[in-house]
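Let's take a friendly look at a ligand and the spaces inside a protein. Have the 3D view ready and follow along.

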Amino acid sequence: MKIAFFSAQAYDKQFFDQFNESLHFNIQYFETQLNEQTVQLIDEADAVCVFVNDVVNANVCTVLAQKGVSIIALRCAGFNNIAIDQAKQLGLKVCRVPAYSPEAVAEHAVAMLLTLNRKTHKAYNRVREQNFSLNGLLGFDLHGKTVGVIGTGNIGIAFCKIMLGFGCKVMAFDLIANKMLEALGVTYHPLIDIFKEADVISLHCPLNEQTHHLINEHTLHLMKKGVTLINTSRGGLIDTKAVIAKLKSGRLGNLGIDVYEQEEKLFFRDLSSNIIQDDDIQRLMSFPNVLITAHQAFFTNEALSQIAHTTLTNINTLLQQQPLTIKGALVV
Ligand code: NAD
(Lines give C-alpha, C1' and ligand atoms only; values in the text may rest on other atoms or scores of the structure.)
Protein backbone atom coordinates (compact mmCIF):
# COMPACT_ATOMS: atom_id res chain seq x y z
CA MET A 1 0.00 0.00 0.00
CA LYS A 2 1.39 3.35 -1.06
CA ILE A 3 1.16 6.75 0.66
CA ALA A 4 2.10 9.99 -1.16
CA PHE A 5 3.33 12.21 1.66
CA PHE A 6 3.41 15.98 0.94
CA SER A 7 5.18 18.92 2.65
CA ALA A 8 7.61 16.39 4.14
CA GLN A 9 10.30 17.67 6.48
CA ALA A 10 13.21 15.69 7.92
CA TYR A 11 11.43 15.43 11.29
CA ASP A 12 8.30 14.01 9.59
CA LYS A 13 10.37 11.26 7.98
CA GLN A 14 12.03 10.45 11.29
CA PHE A 15 8.76 9.93 13.18
CA PHE A 16 6.74 8.36 10.35
CA ASP A 17 9.50 5.91 9.39
CA GLN A 18 9.74 4.84 13.01
CA PHE A 19 6.00 4.06 13.29
CA ASN A 20 5.94 2.53 9.81
CA GLU A 21 8.37 -0.20 10.85
CA SER A 22 5.46 -2.40 11.91
CA LEU A 23 3.02 -1.38 9.16
CA HIS A 24 5.32 -1.54 6.09
CA PHE A 25 3.59 1.11 3.99
CA ASN A 26 5.46 2.31 0.93
CA ILE A 27 5.73 6.01 1.80
CA GLN A 28 6.84 8.35 -0.97
CA TYR A 29 7.96 11.65 0.58
CA PHE A 30 7.56 14.90 -1.38
CA GLU A 31 9.05 18.07 0.10
CA THR A 32 6.71 20.20 -1.98
CA GLN A 33 3.21 21.24 -0.91
CA LEU A 34 0.26 19.46 -2.48
CA ASN A 35 -1.62 21.75 -4.85
CA GLU A 36 -3.13 21.74 -8.36
CA GLN A 37 0.31 21.50 -9.99
CA THR A 38 2.06 19.07 -7.66
CA VAL A 39 -0.84 16.62 -7.53
CA GLN A 40 0.49 15.44 -10.91
CA LEU A 41 3.60 14.11 -9.12
CA ILE A 42 1.51 11.24 -7.79
CA ASP A 43 2.10 8.18 -9.91
CA GLU A 44 -0.11 5.83 -8.00
CA ALA A 45 -1.11 5.93 -4.35
CA ASP A 46 -3.82 4.64 -2.04
CA ALA A 47 -3.60 7.60 0.30
CA VAL A 48 -2.16 11.10 0.45
CA CYS A 49 -0.83 12.47 3.71
CA VAL A 50 -1.09 16.27 4.01
CA PHE A 51 -0.40 19.07 6.48
CA VAL A 52 -1.79 22.51 7.31
CA ASN A 53 -0.70 24.42 4.20
CA ASP A 54 -1.33 21.79 1.52
CA VAL A 55 -4.05 22.96 -0.85
CA VAL A 56 -6.64 20.23 -1.27
CA ASN A 57 -9.29 22.14 -3.19
CA ALA A 58 -12.05 20.71 -5.40
CA ASN A 59 -9.75 20.33 -8.43
CA VAL A 60 -7.09 18.54 -6.39
CA CYS A 61 -9.73 16.19 -4.96
CA THR A 62 -10.92 15.37 -8.49
CA VAL A 63 -7.39 14.50 -9.66
CA LEU A 64 -6.74 12.46 -6.52
CA ALA A 65 -9.86 10.40 -7.19
CA GLN A 66 -8.85 9.96 -10.85
CA LYS A 67 -5.45 8.67 -9.71
CA GLY A 68 -7.07 6.03 -7.50
CA VAL A 69 -6.39 7.73 -4.16
CA SER A 70 -9.11 6.80 -1.67
CA ILE A 71 -7.88 8.49 1.53
CA ILE A 72 -6.81 12.02 2.41
CA ALA A 73 -5.02 11.71 5.75
CA LEU A 74 -4.38 15.01 7.52
CA ARG A 75 -1.51 14.86 9.99
CA CYS A 76 -3.03 17.77 11.92
CA ALA A 77 -6.31 18.64 13.65
CA GLY A 78 -7.66 21.48 11.48
CA PHE A 79 -9.16 20.59 8.07
CA ASN A 80 -10.02 24.07 6.71
CA ASN A 81 -7.69 23.46 3.71
CA ILE A 82 -9.74 20.52 2.37
CA ALA A 83 -12.72 20.82 -0.02
CA ILE A 84 -14.81 18.56 2.17
CA ASP A 85 -17.98 18.57 0.03
CA GLN A 86 -16.06 17.62 -3.11
CA ALA A 87 -14.14 14.89 -1.27
CA LYS A 88 -17.41 13.48 0.03
CA GLN A 89 -19.05 13.54 -3.42
CA LEU A 90 -16.07 11.70 -4.88
CA GLY A 91 -16.19 9.07 -2.14
CA LEU A 92 -12.80 10.06 -0.72
CA LYS A 93 -12.33 9.38 2.98
CA VAL A 94 -10.81 12.27 4.94
CA CYS A 95 -9.24 11.60 8.32
CA ARG A 96 -7.27 13.72 10.77
CA VAL A 97 -5.51 13.66 14.12
CA PRO A 98 -8.18 15.27 16.31
CA ALA A 99 -6.01 15.53 19.41
CA TYR A 100 -2.28 15.26 19.74
CA SER A 101 -0.77 16.71 22.84
CA PRO A 102 -3.09 19.71 23.18
CA GLU A 103 -0.67 20.69 25.95
CA ALA A 104 2.04 21.28 23.32
CA VAL A 105 -0.01 24.05 21.68
CA ALA A 106 -1.36 25.46 24.95
CA GLU A 107 2.16 25.62 26.43
CA HIS A 108 3.42 27.44 23.32
CA ALA A 109 0.61 29.99 23.66
CA VAL A 110 1.73 30.57 27.25
CA ALA A 111 5.37 30.83 26.12
CA MET A 112 4.36 33.55 23.65
CA LEU A 113 2.38 35.38 26.32
CA LEU A 114 5.27 35.28 28.83
CA THR A 115 7.82 36.32 26.23
CA LEU A 116 5.76 39.32 25.11
CA ASN A 117 4.98 40.34 28.67
CA ARG A 118 8.39 39.86 30.34
CA LYS A 119 10.41 40.54 27.15
CA THR A 120 12.82 37.65 27.76
CA HIS A 121 13.74 37.64 24.04
CA LYS A 122 15.04 41.19 24.40
CA ALA A 123 16.72 40.50 27.75
CA TYR A 124 18.56 37.51 26.26
CA ASN A 125 20.05 39.63 23.47
CA ARG A 126 20.78 42.56 25.76
CA VAL A 127 22.72 40.58 28.34
CA ARG A 128 24.77 38.89 25.62
CA GLU A 129 25.81 42.42 24.57
CA GLN A 130 26.76 43.16 28.21
CA ASN A 131 23.82 45.54 28.47
CA PHE A 132 22.37 44.95 31.92
CA SER A 133 19.90 47.85 31.85
CA LEU A 134 16.24 47.12 32.65
CA ASN A 135 14.81 50.10 30.77
CA GLY A 136 12.11 48.98 28.35
CA LEU A 137 11.68 45.53 29.92
CA LEU A 138 8.77 46.39 32.24
CA GLY A 139 6.03 43.73 32.28
CA PHE A 140 2.87 43.08 34.29
CA ASP A 141 1.81 40.38 36.78
CA LEU A 142 -0.36 37.77 35.14
CA HIS A 143 -1.70 36.88 38.59
CA GLY A 144 -5.09 38.54 39.00
CA LYS A 145 -5.44 39.51 35.33
CA THR A 146 -8.46 38.55 33.22
CA VAL A 147 -7.73 36.09 30.44
CA GLY A 148 -10.29 35.54 27.67
CA VAL A 149 -10.23 32.16 25.94
CA ILE A 150 -12.15 31.73 22.68
CA GLY A 151 -12.73 28.04 21.98
CA THR A 152 -12.48 25.58 24.86
CA GLY A 153 -11.87 22.30 23.05
CA ASN A 154 -8.78 20.18 23.69
CA ILE A 155 -6.25 23.03 23.43
CA GLY A 156 -8.46 25.68 25.03
CA ILE A 157 -9.00 23.39 28.05
CA ALA A 158 -5.25 22.90 28.50
CA PHE A 159 -4.68 26.66 28.15
CA CYS A 160 -7.44 27.53 30.68
CA LYS A 161 -5.94 25.15 33.25
CA ILE A 162 -2.49 26.73 32.93
CA MET A 163 -3.93 30.23 33.25
CA LEU A 164 -5.93 29.22 36.34
CA GLY A 165 -2.64 27.96 37.78
CA PHE A 166 -1.16 31.43 37.25
CA GLY A 167 -3.97 32.87 39.38
CA CYS A 168 -5.80 34.51 36.46
CA LYS A 169 -9.54 35.08 36.17
CA VAL A 170 -10.46 33.02 33.12
CA MET A 171 -13.45 34.02 30.96
CA ALA A 172 -14.35 31.78 28.03
CA PHE A 173 -16.53 31.67 24.96
CA ASP A 174 -17.48 28.51 23.10
CA LEU A 175 -20.61 27.21 21.39
CA ILE A 176 -20.87 24.67 24.22
CA ALA A 177 -19.74 25.41 27.80
CA ASN A 178 -17.40 22.84 29.33
CA LYS A 179 -18.73 21.74 32.72
CA MET A 180 -15.35 20.50 33.95
CA LEU A 181 -13.82 23.93 33.28
CA GLU A 182 -16.75 25.64 34.99
CA ALA A 183 -16.15 23.47 38.05
CA LEU A 184 -12.53 24.64 38.02
CA GLY A 185 -13.62 28.29 38.03
CA VAL A 186 -13.78 29.25 34.35
CA THR A 187 -16.83 31.38 33.55
CA TYR A 188 -18.55 31.48 30.13
CA HIS A 189 -19.64 34.81 28.66
CA PRO A 190 -20.84 36.28 25.36
CA LEU A 191 -17.95 37.14 23.05
CA ILE A 192 -18.58 40.87 23.40
CA ASP A 193 -17.95 40.71 27.18
CA ILE A 194 -14.66 38.90 26.63
CA PHE A 195 -13.56 41.53 24.14
CA LYS A 196 -14.46 44.31 26.58
CA GLU A 197 -13.05 42.85 29.80
CA ALA A 198 -10.03 40.67 29.03
CA ASP A 199 -6.43 41.83 29.53
CA VAL A 200 -5.22 38.85 27.49
CA ILE A 201 -7.16 37.07 24.71
CA SER A 202 -6.10 33.69 23.34
CA LEU A 203 -7.75 32.10 20.30
CA HIS A 204 -8.38 28.33 20.29
CA CYS A 205 -11.40 27.90 18.00
CA PRO A 206 -11.26 26.42 14.49
CA LEU A 207 -11.24 28.54 11.33
CA ASN A 208 -14.57 28.36 9.53
CA GLU A 209 -17.15 30.72 7.99
CA GLN A 210 -18.30 31.92 11.43
CA THR A 211 -14.81 32.54 12.81
CA HIS A 212 -13.08 34.01 9.72
CA HIS A 213 -11.76 37.47 10.73
CA LEU A 214 -13.26 37.11 14.20
CA ILE A 215 -10.61 39.65 15.18
CA ASN A 216 -11.36 42.65 12.98
CA GLU A 217 -11.51 46.43 13.20
CA HIS A 218 -14.81 46.35 15.07
CA THR A 219 -13.89 43.67 17.64
CA LEU A 220 -10.42 45.18 18.16
CA HIS A 221 -12.09 48.50 18.91
CA LEU A 222 -14.14 46.86 21.68
CA MET A 223 -11.01 45.55 23.42
CA LYS A 224 -9.23 47.17 26.34
CA LYS A 225 -6.40 49.50 25.37
CA GLY A 226 -3.14 47.58 25.69
CA VAL A 227 -4.71 44.12 25.39
CA THR A 228 -2.42 41.18 24.59
CA LEU A 229 -3.70 38.96 21.77
CA ILE A 230 -2.36 35.44 21.18
CA ASN A 231 -3.27 33.31 18.16
CA THR A 232 -2.00 29.74 17.93
CA SER A 233 -5.11 28.53 16.06
CA ARG A 234 -5.36 29.61 12.42
CA GLY A 235 -4.21 32.82 10.70
CA GLY A 236 -7.59 33.52 9.10
CA LEU A 237 -9.13 34.23 12.51
CA ILE A 238 -7.38 37.60 12.41
CA ASP A 239 -7.80 40.40 9.88
CA THR A 240 -4.08 41.22 9.57
CA LYS A 241 -4.54 44.74 8.21
CA ALA A 242 -6.91 45.66 11.05
CA VAL A 243 -4.41 44.34 13.58
CA ILE A 244 -1.58 46.36 12.02
CA ALA A 245 -3.71 49.51 12.27
CA LYS A 246 -4.42 48.87 15.97
CA LEU A 247 -0.74 48.15 16.68
CA LYS A 248 0.16 51.44 15.03
CA SER A 249 -2.40 53.33 17.09
CA GLY A 250 -1.21 51.63 20.30
CA ARG A 251 -4.63 50.13 21.09
CA LEU A 252 -3.26 46.58 20.75
CA GLY A 253 -0.56 46.21 23.39
CA ASN A 254 1.06 42.92 22.32
CA LEU A 255 0.48 40.42 19.55
CA GLY A 256 1.76 36.85 19.55
CA ILE A 257 0.99 34.77 16.47
CA ASP A 258 2.09 31.25 15.62
CA VAL A 259 -0.17 31.30 12.56
CA TYR A 260 -0.61 33.88 9.81
CA GLU A 261 -3.24 34.45 7.12
CA GLN A 262 -0.75 34.13 4.24
CA GLU A 263 1.53 31.61 5.92
CA GLU A 264 1.44 29.00 3.15
CA LYS A 265 3.84 31.16 1.10
CA LEU A 266 6.29 31.52 3.99
CA PHE A 267 6.19 29.05 6.83
CA PHE A 268 8.21 25.82 7.07
CA ARG A 269 10.87 27.18 4.67
CA ASP A 270 14.22 28.91 5.04
CA LEU A 271 13.70 32.18 3.14
CA SER A 272 16.64 33.96 4.77
CA SER A 273 18.23 34.76 1.38
CA ASN A 274 14.98 35.76 -0.31
CA ILE A 275 13.19 39.06 -0.71
CA ILE A 276 9.86 38.65 1.08
CA GLN A 277 7.07 40.09 -1.05
CA ASP A 278 4.46 40.01 1.72
CA ASP A 279 4.40 43.58 3.07
CA ASP A 280 1.99 42.74 5.90
CA ILE A 281 4.30 40.25 7.58
CA GLN A 282 7.23 42.61 7.09
CA ARG A 283 5.24 45.35 8.85
CA LEU A 284 4.25 42.96 11.65
CA MET A 285 7.88 41.90 12.13
CA SER A 286 8.89 45.55 12.52
CA PHE A 287 6.83 46.10 15.71
CA PRO A 288 8.73 45.65 18.99
CA ASN A 289 5.59 44.25 20.66
CA VAL A 290 4.88 41.52 18.10
CA LEU A 291 6.20 37.99 18.39
CA ILE A 292 5.84 35.66 15.41
CA THR A 293 6.67 31.98 15.39
CA ALA A 294 6.28 29.88 12.24
CA HIS A 295 3.50 27.43 13.18
CA GLN A 296 5.61 25.59 15.72
CA ALA A 297 3.15 25.32 18.61
CA PHE A 298 2.59 21.61 17.88
CA PHE A 299 6.32 20.92 17.58
CA THR A 300 7.19 18.67 20.51
CA ASN A 301 8.55 15.15 20.63
CA GLU A 302 5.33 13.90 22.24
CA ALA A 303 3.08 15.57 19.66
CA LEU A 304 5.08 14.32 16.66
CA SER A 305 5.00 10.76 18.03
CA GLN A 306 1.22 10.92 18.47
CA ILE A 307 0.72 12.48 15.03
CA ALA A 308 2.70 9.75 13.25
CA HIS A 309 1.08 6.97 15.23
CA THR A 310 -2.51 8.23 14.77
CA THR A 311 -2.11 9.14 11.08
CA LEU A 312 -0.70 5.74 10.08
CA THR A 313 -3.26 3.94 12.26
CA ASN A 314 -6.07 5.95 10.59
CA ILE A 315 -4.83 5.04 7.10
CA ASN A 316 -4.34 1.38 8.01
CA THR A 317 -7.82 1.12 9.56
CA LEU A 318 -9.56 2.84 6.61
CA LEU A 319 -7.71 0.67 4.05
CA GLN A 320 -9.04 -2.36 5.92
CA GLN A 321 -12.57 -0.86 5.60
CA GLN A 322 -12.84 -0.70 9.39
CA PRO A 323 -14.34 2.20 11.40
CA LEU A 324 -11.85 4.58 13.00
CA THR A 325 -11.66 4.11 16.74
CA ILE A 326 -10.44 7.60 17.66
CA LYS A 327 -13.37 9.97 18.26
CA GLY A 328 -13.46 12.76 15.67
CA ALA A 329 -10.72 11.23 13.49
CA LEU A 330 -13.03 10.66 10.51
CA VAL A 331 -13.93 13.97 8.85
CA VAL A 332 -15.96 12.40 5.97
P1 NAD B 1 -11.14 21.18 19.25
O2 NAD B 1 -11.99 20.74 18.12
O3 NAD B 1 -10.85 20.23 20.37
O4 NAD B 1 -11.76 22.50 19.92
C5 NAD B 1 -12.25 23.57 19.18
C6 NAD B 1 -13.30 24.26 20.05
O7 NAD B 1 -13.72 25.43 19.37
C8 NAD B 1 -14.53 23.40 20.31
O9 NAD B 1 -14.83 23.37 21.70
C10 NAD B 1 -15.62 24.10 19.52
O11 NAD B 1 -16.92 23.99 20.12
C12 NAD B 1 -15.13 25.52 19.56
N13 NAD B 1 -15.73 26.36 18.52
C14 NAD B 1 -16.21 26.01 17.31
N15 NAD B 1 -16.70 27.09 16.68
C16 NAD B 1 -16.54 28.14 17.53
C17 NAD B 1 -16.88 29.49 17.47
N18 NAD B 1 -17.48 30.01 16.39
N19 NAD B 1 -16.55 30.29 18.50
C20 NAD B 1 -15.95 29.78 19.61
N21 NAD B 1 -15.63 28.48 19.74
C22 NAD B 1 -15.92 27.68 18.71
O23 NAD B 1 -9.80 21.70 18.59
P24 NAD B 1 -8.37 21.87 19.29
O25 NAD B 1 -7.62 20.60 19.22
O26 NAD B 1 -8.55 22.52 20.61
O27 NAD B 1 -7.69 22.87 18.27
C28 NAD B 1 -8.14 24.21 18.12
C29 NAD B 1 -7.50 24.80 16.89
O30 NAD B 1 -6.09 24.92 17.12
C31 NAD B 1 -7.62 23.91 15.64
O32 NAD B 1 -8.79 24.21 14.93
C33 NAD B 1 -6.39 24.26 14.87
O34 NAD B 1 -6.75 25.23 13.91
C35 NAD B 1 -5.43 24.87 15.87
N36 NAD B 1 -4.18 24.14 16.04
C37 NAD B 1 -3.00 24.80 15.90
C38 NAD B 1 -1.80 24.13 16.07
C39 NAD B 1 -0.47 24.84 15.96
O40 NAD B 1 0.58 24.18 15.88
N41 NAD B 1 -0.43 26.16 15.96
C42 NAD B 1 -1.80 22.77 16.39
C43 NAD B 1 -3.03 22.13 16.56
C44 NAD B 1 -4.22 22.81 16.38
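A polar contact is a pair of N or O atoms within 3.5 Å. Keep that cut-off in mind while exploring this predicted model.

Where does the ligand sit? Its place is the largest pocket. There are 22 residues around the ligand, and those that come nearest are Asn-154, Ile-155, Asp-174, Thr-232 and Asp-258. By class, this shell holds 10 nonpolar, 9 polar and 3 charged residues.

Asp-174 uses a polar side-chain atom, which lies 2.6 Å from an oxygen atom of the ligand. With Phe-298, a backbone N or O atom lies 3.1 Å from a ligand oxygen atom. Taken alone, the ligand exposes 860 Å², and the protein buries 86% of that.

Now for the cavities. A search of the whole structure finds 2 of them of 30 Å³ or more, and the table sets them side by side.

| Cavity | Volume | Lining residues by class |
|---|---|---|
| Largest cavity | about 100 Å³ | 8 nonpolar, 2 polar, 2 charged |
| Second largest cavity | about 60 Å³ | 7 nonpolar, 3 polar, 1 charged |

Which element gives the most to the lining of the largest cavity? That is α1, with 4 residues. Both α1 (10-20) and α12 (301-319) supply at least two residues there. Phe-298, the ligand's backbone partner at 3.1 Å, is also one of the residues lining the largest cavity.

The second largest cavity is lined by residues including Asn-231, Gly-235 and Leu-284. Here α10 (240-249) and β11 (252-257) are the elements that give two or more residues to the lining.

Notes. Residues numbered from 1 in each chain as written. Predicted model: local features only at pLDDT ≥ 70, side-chain atom pairs only at ≥ 80, totals over all residues. Heavy atoms only, no water. Near = heavy atom within 4 Å. Polar contact = N/O pair within 3.5 Å; in protein donor to acceptor, adjacent residues only side chain to side chain. Areas by Shrake-Rupley, 256 points an atom, 1.4 Å probe, with all protein chains shown as cover. 1 Å grid on protein atoms, 1.4 Å probe; cavity = no way out; pocket = protein on both sides within 12 Å on 5 of 7 lines; lining within 4 Å. Sits in = over half its atoms within 2 Å of the grid points. Nonpolar A, V, L, I, M, F, W, Y, C, P; charged D, E, K, R; others polar. Points joined across faces, edges and corners; volume = space filled by probe spheres on them.
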